[in-house]
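Keep the 3D view open as you read.

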Amino acid sequence: MVHLLHPGHTPRNIVPPDAQKDALGCCVVQEEASPYTLVNICLNVLIANLEKLCSERPDGTLCLPEHWSFPQEVADRFLRVMTWQGKLTDRTASIFRGNQMKLKLVNIQKAKISTAAFIKAFCRHKLIELNATAVHADLPVPDIISGLCSNRWIQQNLQCLLLDSTSIPQNSRLLFFSQLTGLRILSVFNVCFHTEDLADVSQLPRLESLDISNTLVTDISALLTCKDRLKSLTMHYLKCLAMTKPQILAVIRELKCLLHLDISDHRQLKSDLAFHLLQQKDILPNVVSLDISGGNCITDEAVELFIRQRPAMQFVGLLATDAGSSDFFTTKQGLRVAGGASMSQISEALSRYRNRSCFMKEALHRLFTETFSMEVTMPAILKLVAIGMRNHPLDLRVQFTASACALNLTRQGLAKGMPVRLLSEVTCLLFKALKNFPHYQQLQKNCLLSLTNSRILVDVPFDRFDAAKFVMRWLCKHENPKMQTMAVSVTSILALQLSPEQTAQLEELFMAVKELLAIVKQKTTENLDDATFLFTLKALWNLTDGSPAACKHFIENQGLQIFIQVLETFSESAIQSKVLGLLNNIAEVRELSSKLVTEDVLKHINSLLCSREMEVSYFAAGIIAHLTSDRQLWISRDFQRRTLLQDLRATIQNWPSSSCKMTALVTYRSFKTFFPLLGNFSQPEVQLWALWAMYHVCSKNPSKYCKMLVEEEGLQLLCDIQEHSEATPKAQQIAASILDDFRMHFMNYQRPTLCQMPF
């Protein structure tokens, strides 16, 4: 039996409907900052391994093991997570056919499943709620209703049905909702729902909450049928309504049980229905929530008077109106306002209107202005921005304005106070927007600006391969100098975060290396060692690290000639160390190292070997060690090779302890390029440099590099040096020091056979 702990389910509150869907605040932010729950971790593992854990039916669908059993709340969450991850298909939905799960609250939003799969998987359960918002056209509304009505229990007991943005075939007319006699909540927002359907729905004996926003209803008179039970009515943007204002108000006046009314509209339509409603004294006596956002001619005075006459009111929607600025709206206790006059109003608007693009755009625009000089970390607001981006992926204005708001909310040090998971979500949504709108420059700029944030670039999980492709494409666009500097700096960091295999797969790599070298050449010609120049050198150094492909592109684009020119132009150690660091990467590639064995290159390297700056001397020594280790490169230059080795030995002997500090941080992805040098007993100078370098990084970051020694099987090579008769005392001493560090920091990696080490 599978038993999973689960929290209790909170029943849905039907008034007002938006509040049911949009509860967001401190709890959401705390959840973002907390580890994933054990239940979610288990469900994610199950979903990721569903194919392995399930058997296959003859029809190709999946079936869970018969002995498994899920509590109802966990089964509901399992389905919800599957749907969220886009994993609900005809093949996977079949796991809900068996007796292992009993569902009550079914969420299949945006799922692509067929009518047959829906009926088999879900219509046998005792459902009390179904959210089929924006399901694929393969599952139209008539089939959903027909499937639900095939189960008599559901027909009588289903309480909540959400069908927003679902499809209805053209030849369908009456939808027969009245068969679902237990319905209390129905939402058909953005559905081809007609006046005849409203008449049918109004017959439902228990109906309390109805959303007919953006439907084809022309007359709402049928609502009089349910006037004694309807508590919540949402009719945002009823574009086909053919009734006069007095006729509409006459119907609303009769709906005396209404607690929530939404008659909001698009601002550009300049609807004055709300204006006329506010003048009525004998209307909506029990209302606690009124949404008139987008209404025309709305004033603070009219709204205030309306609310004072109804002191129990808890919410008013005023976004995209001329109202909301009065002190009344901030001092009235218990009143929440969705508007644009303050941060609290904007926050409420973002939460209430997350599914309405017209109001989401307006709220984001107000938020951008409000947060332009933001100095306070506001993760709850950033979460609302992310929700808006996710809900409207194909709305350019939403995506663009949201990206600008995200920048305001994470600028400078504000990102440090944001949960990593939230920053990851926002960053991934930015890249999704880039894919949907690849030619919109300002959106691309906003994305690039977000990546310059060190907190995001270093700590936050996102697809760095996609990010590198985007930044490299931007780099080649020859944008203004400021944007170019940002693109180069981001490239320099992303390059280190990609594996060599990923770097080799970058189609943009050749053009990026070419463009970076062009920048270096231009800056060198101008004798300008500015930030862009230094970032460019670092980017090339990092791109070529462990990447033969990048090294090859560097050579093919006259990189050596350009870098020799750099050495001849600048004498700053920060520049020299970056140049030599890159040449080290070239020297490590056996197929390319011969390109460095020229008089011009060797002259500069040998002169920098004696530099007083430790990091410059270190990198120069590394190049010589790698080049001289391959005797084939020196067949006609053996005297020069021996001279270089003598200079190398003298230089290393003059170096301070391997634990010394260097101005430039030395890091390595792998020790594997050192292993041939460690086994080179015929050239002890080469071996000595490799040992010194390994000991240096191991002493600086033992947790990383001692572990690397184990994973790459380098311990045996160090033991061999300790025992080998041809090893010099100095080499044996450094090898012993590295192994001592290993003993100290990794006692759990016991290897008794290696040098008989007494771990």
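## Helix 20 and helix 22

In this predicted model, the axes of helix 20 and helix 22 (residues 464-475) cross at roughly 120 degrees. The crossing of helix 20 and helix 22 is left-handed.

Which residues make the contact? Helix 20 brings Gln-441, Gln-444, Lys-445, Cys-447, Leu-448 and Leu-451. Helix 22 brings Ala-467, Phe-470, Val-471 and Trp-474. By class, the contact of helix 20 with helix 22 has seven nonpolar, two polar and one charged residues.

## Helix 20 and helix 23

Helix 20 spans residues 441-451, and helix 23 spans residues 481-497. Their axes come within 9 Å and cross at roughly 50 degrees. Helix 20 and helix 23 are therefore oblique to each other. Helix 20 passes helix 23 in a left-handed crossing.

From helix 20, the contact uses Lys-445, Leu-448, Leu-449 and Leu-451. From helix 23, it uses Met-483, Met-486, Ala-487 and Val-490. Seven nonpolar residues and one charged residue make up the contact of helix 20 with helix 23, with no polar ones.

## Helix 19 and helix 20

Helix 19 packs against helix 20 at an angle of about 155 degrees. That makes the pair roughly antiparallel, because the angle is over 145. The axes of helix 19 and helix 20 are 10 Å apart. Their crossing is left-handed.

On one side of this contact sit Leu-430, Phe-431, Ala-433 and Leu-434 of helix 19. They meet Leu-443, Gln-444, Cys-447, Ser-450 and Leu-451 of helix 20. The classes in the contact of helix 19 with helix 20 are seven nonpolar, two polar and no charged.

## The largest cavity

How many cavities of 30 Å³ or more does a search of the whole structure find? It finds four. The largest cavity has a volume of about 70 Å³.

Its lining is made of Leu-382, Ser-403, Ala-406, Leu-407, Thr-410, Leu-423, Val-426, Thr-427, Leu-430, Ser-450 and Ile-456. Helix 18 (396-410) and helix 19 (420-436) are the elements that give two or more residues to this lining. Seven of the lining residues of the largest cavity are nonpolar, four are polar and none is charged. Leu-430 and Ser-450 line the largest cavity, and they also take part in the contact of helix 19 with helix 20.

## The second largest pocket

The second largest pocket has a volume of about 970 Å³. Its lining holds 41 residues. Which of them lie nearest the centre of the pocket? They are Asp-545, Gly-546, Asn-585, Glu-588 and Tyr-668.

Helix 29 gives the largest share, seven residues. By class, the lining of the second largest pocket has 16 nonpolar, 15 polar and ten charged residues. The lining of the largest cavity, by contrast, has no charged residues.

Notes:
Residues are numbered from 1 along each chain as its sequence is written. This is a predicted model: local features need pLDDT of at least 70, side-chain atom pairs count only at pLDDT 80 or more; totals for chains, interfaces and linings use all residues. Side-chain values use heavy atoms; hydrogens and water are left out. Axes are lines fitted to C-alpha atoms, for helices over the stretch in contact, and angles run from 0 to 180 degrees between N-to-C directions. Helices (H or I, at least four residues) and strands (E, at least two) are DSSP runs, numbered from the N terminus. Angles under 35 degrees count as roughly parallel, over 145 as roughly antiparallel, 65 to 115 as roughly perpendicular and the rest as oblique. A crossing is left-handed if the near helix is turned anticlockwise from the far one by less than a right angle, and right-handed if clockwise. Contact means heavy atoms within 4.5 Å. Ala, Val, Leu, Ile, Met, Phe, Trp, Tyr, Cys and Pro count as nonpolar, Asp, Glu, Lys and Arg as charged, and the others, Gly among them, as polar. On a 1 Å grid over the protein atoms alone, a cavity is a set of points where a 1.4 Å probe fits but cannot get out, and a pocket is an open set with protein on both sides within 12 Å along at least five of seven lines; lining residues have an atom within 4 Å of a point. Grid points are joined across faces, edges and corners, and a volume is the space filled by probe spheres set on the points.
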